[in-house]
Amino acid sequence: MEKILQAIRENTPEGFDYEWLGKFVRAIDVDSLNYKGYLPEITDKKDYARNILCLEPFECVLLYWPPGVESAVHHHKGFWGYVLCLEGTVDNIEYIQSGDQLLESRTIRAQAGGVLNEPDNTIHKIVNPSEEEYLVTLHFYYPALDTLDRLRIFDLDKGAVATLNEKAPTASFAHPKDNYHAFEEDAFKYVSLADNPKTRSHRIYPIIPKPSSKVIAELIGGYYKEQALEYDSFDLKHESRRKYTERINALIADKLSESSVQKVLDLACGTGRRALKIREESEASYDLMGVDLSPEMCAVAQNRGVNAQSGNWLEMELPEGSLCAITFLYAYGHIPTEEERRQALKKALVSLKPGGLLFFDAFNLNDKNEWGPHAVKAYEEHNLASFGYEKGDVFYKKVGGEEVAFLHYCEEDSLKAFLEEIGFDVIDLKHIGYVHRSGEILDNDDEGALFVVAQKR
C-alpha cells in the first residue's frame, strides 16, 4: 500500500484528469497490494468504516464493509473518481433524477481487481451483496473529500433527502441528527426497474473482471434453472419473443422439408418445445436428439419425448458425420469466448455429414433496437477490454430475477468469415426483427438478430 501512496505523491502529473486517474487505478496489481494493516475498525456491523490514506493530490480512502451492508444512495456533485475492489464482491447501483422522481438506472458488479467508474454527477449506492463475506474497496476522488460535508443522500423507502455535515462518518441515515445540515421529507418518488413501465423484461448487468468460462457456465446454468418451469410461458406470453421464435422455426422447418433428413440434433435444446415444433412443421419424421447444460431443462424435454441429455456439447460423444442437421437456437451467444465458439462450431462441422446443415441465430451487435450498441458503449466507457471482455460481451438479469446470464453479440461480416474459416459455407443469412418489428425479415444491417443457415463444405 505504501508503494501506491508513494506513486500518488510522486507520479501524479499537474492538471491530471479523469482519464489519467482511471488508467492509474486500473494499473494497480491487487494481488500484490498489502492492505490488511490499513483496514479501518468496524464499530457498527450495520455500517461500513473509512480510513483516509491521503488527500493530496487526490483522495485515496480505504473502505471496509460488513456482510450485507450498503451505503445510502448519494450524489457525487462536483467531484469524480474510481472504486477498486480489493476483496469480495461489490454492486454499484446507479440512479437518474428526473423531475421529482429518482429512477433506478443500472447495476455494475465488480470483484477483486474490478474498477467502477464514478464520473461527476453520479447518483449511486455501493452494496456488499454477500450475507457472509466482508468487502474491501479502495476509492480515489478528486477534489479530495476530507469530510462528507454537503453530500446529499437519498432514502429510497421514505423519499427523503438529507444533506450531511462534517460530522457524518459515512453516507448513511443512521447517524444522530447533528450529523446533517438539512432533512427534507417527501422530496422525491423512487421508481425501481420493476416498477418502471419503460423497463424491458431483462437488464444489462456487467461483471468485472469478466468471470472464467467455468463460472459463466455455472451462471448460465443457474439462470436457466431459475427459468426452467416458466421458460415456455415467457416465450409465448411476450409477443415479440413469440413472433421472433415462430419465424425462425418456420424458416428451419421449410428448409428441412426440402431434404431427406434422418437425424437432427438440437444444441441447447432447453425444454424441447421448439425442436418438436420445427419437426412438426417440417412434416418430416427424423430422429431428434438434444443436449443442454441445464438438467432441469433436459428433464422437461425428455418428458416431451426428446432424446435429450444434460451436459457440455464439447464433451458429447457422437460418431463423425452422423448428423444431417444441427439446430442451435437462442444459445450461440451463451458461449463465453471466441475460442470456445470456434470449438463448438468445429465439433458441429465434424458431427455433420458432408452437405449437412447448421441453423443458428446470433444477436446483432449493430442492432439499434437491441443491447448491441449499449454493449459497445459499456465496453469503451468502462475499458472492459482490460478486464477480459471481448467486444459484444453482455451479462444480464431478468428483472425481478436473481440469476445472471451471458450473451455475446456478433457482427455480420466477422461471423460469416468465422464460419467460412472453420469449414462452412454460409448459404443464407437473414436479419429477423426481435424487439422491433419482431418476426419480420428486415433489409437494414442495423436491425434484427442474425439468422444463419450454414452448410458443411
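This briefing covers salt bridges, a charged surface patch, and selected helices and strands.

The model is predicted, so local features need pLDDT of at least 70 and side-chain atom pairs count only at pLDDT 80 or more, while totals for chains, interfaces and linings use all residues. Residues are numbered from 1 along each chain as its sequence is written, and side-chain values use heavy atoms, with hydrogens and water left out. Helices (H or I, at least four residues) and strands (E, at least two) are DSSP runs, numbered from the N terminus.

**Salt bridges**

- The structure holds 21 salt bridges, each defined as a side-chain nitrogen of Lys or Arg within 4 Å of a carboxyl oxygen of Asp or Glu.
- One of them joins the side chains of E87 and K36 at 2.8 Å, N to O. This pair links distant parts of the chain, 51 residues apart: E87 lies in strand β4 (residues 80–87) and K36 in the loop between α2 (18–26) and β1.
- E87 is partly exposed at 27% relative accessibility; the cut-offs are under 20% relative accessible area for buried, over 50% for exposed and in between for partly exposed (1.4 Å probe, protein chains only).
- In helix α5 (residues 239–257), R242 and E246 are four residues apart, which means a separation of about one helical turn. Their side chains form a salt bridge of 3.4 Å, N to O.
- R242 is partly exposed at 25% relative accessible area, and E246 is partly exposed at 40%.
- The side chains of K416 and E412 form a salt bridge of 3.5 Å, N to O; the two residues are four apart in helix α10 and so about one helical turn from each other.
- K416 is partly exposed at 28%, whereas E412 is buried at 18%.
- E338, E339, R342 and E421 belong to one network of salt bridges that share partners.

**Charged patch**

- A surface patch of negative charge gathers E411, D413, D445 and D446. Patch members have over 30% relative accessible area and no salt bridge, and like charges are joined within 9 Å.
- E411 sits in the loop between β22 (404–408) and α10 (412–422), and is partly exposed at 33%.

- Helix α6 (residues 273–282) has R273, R274, A275, I278 and S282 buried. E283 follows α6, with a positive phi near 60°.
- Strands β1 (residues 49–54) and β2 (residues 59–65) pair in the antiparallel sense over five bridges; pairing requires at least two DSSP bridges.
- A hairpin of four residues joins β1 to β2, and C54 stands opposite C60 in β2.
- T163, in strand β11 (residues 160–164), is buried at 12% relative accessible area.

Conventions: Patches are made of residues with over 30% relative accessible area and no salt bridge: like charges are joined within 9 Å, nonpolar side chains (Val, Leu, Ile, Met, Phe, Trp, Tyr) within 5 Å. Accessible areas come from the Shrake-Rupley method with a 1.4 Å probe; for residues, only the protein chains shown count as cover. Lys and Arg count as positive and Asp and Glu as negative; His and the chain ends are not counted. The place of a charge is taken as NZ of Lys, CZ of Arg, CG of Asp or CD of Glu.
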